[in-house]
Amino acid sequence: MVTVTICCRHCISKDLIQNGHASNGKQKYYCKSCKRRSRENPAPNGHTEERREEIIRSYQERSSLRGLTRTFGVARNIVSDWLKKRQ
C-alpha cells in the first residue's frame, strides 16, 4: 500500500488536517502550524498566458470591455487589471 504524505505549501509542515471540500471537489486542508488553508493540487491561474494575450489583442483591436465579456466570458475588471499591469 502506498502512503502519500501531504505537506503545507506555505511552511512545509506535515501537521495538516482535512478541512472539507472545495466547490470543484478537491480536498481542502488546514495547517495547524501556520494556521493557513490550502487545497490539494491547486491550479496556478484561471486563464493561460496565451488566452490573456488573445483577449488583450482583441481589446486593442477596438473591442469594448463589455463585448469581451460576452465573447470570452471574462469579467471586465479582470481585463482592466491585465491592461493596467501591461502599462
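This is a predicted model: local features need pLDDT of at least 70, side-chain atom pairs count only at pLDDT 80 or more; totals for chains, interfaces and linings use all residues.
**Group meeting: a walk through the strands and helices**

Residues are numbered from 1 along each chain as its sequence is written, and side-chain values use heavy atoms, with hydrogens and water left out.

Now the overall layout. The chain has three helices and three strands, and along the sequence they follow the pattern β-β-β-α-α-α. Helices here are DSSP runs of H or I with at least four residues, strands are runs of E with at least two, and both are numbered from the N terminus. How spread out is the chain? Its radius of gyration is 19 Å, well over the 12 Å that the globule rule gives for 87 residues, so the chain is more spread out than a compact globule. That radius is taken over C-alpha atoms, and the rule is 2.2 Å times the number of residues to the power 0.38. Along the principal axes, the C-alpha atoms fill a box of roughly 55 × 25 × 20 Å.

On to the sheet. Three strands make an open sheet, ordered β1-β2-β3, with antiparallel pairing. Strands β1 (16-21) and β3 (37-39) are the edges, each pairing on one side only. Pairing requires at least two DSSP bridges between two strands; β2 (residues 27-31) and β3 are joined by three.

Let's zoom in on S38, which lies in β3. Is S38 buried or exposed? It counts as buried, at 12% relative accessibility. The cut-offs are under 20% relative accessible area for buried, over 50% for exposed and partly exposed in between, with a 1.4 Å probe and protein chains only. Leaving aside residues up to four places away in sequence, S38 touches R9, H10, Q27, K28 and Y29; contact means heavy atoms within 4.5 Å.

Finally, the helices. The axes of α1 (residues 49-60) and α3 (residues 76-86) come within 11 Å and cross at roughly 90 degrees. Those axes are lines fitted to C-alpha atoms, for helices over the stretch in contact, and angles run from 0 to 180 degrees between N-to-C directions. Which residues of α1 and α3 make the contact? On α1 they are R52, E53, I55, I56, Y59 and Q60, and on α3 they are V79, W82, L83 and R86.
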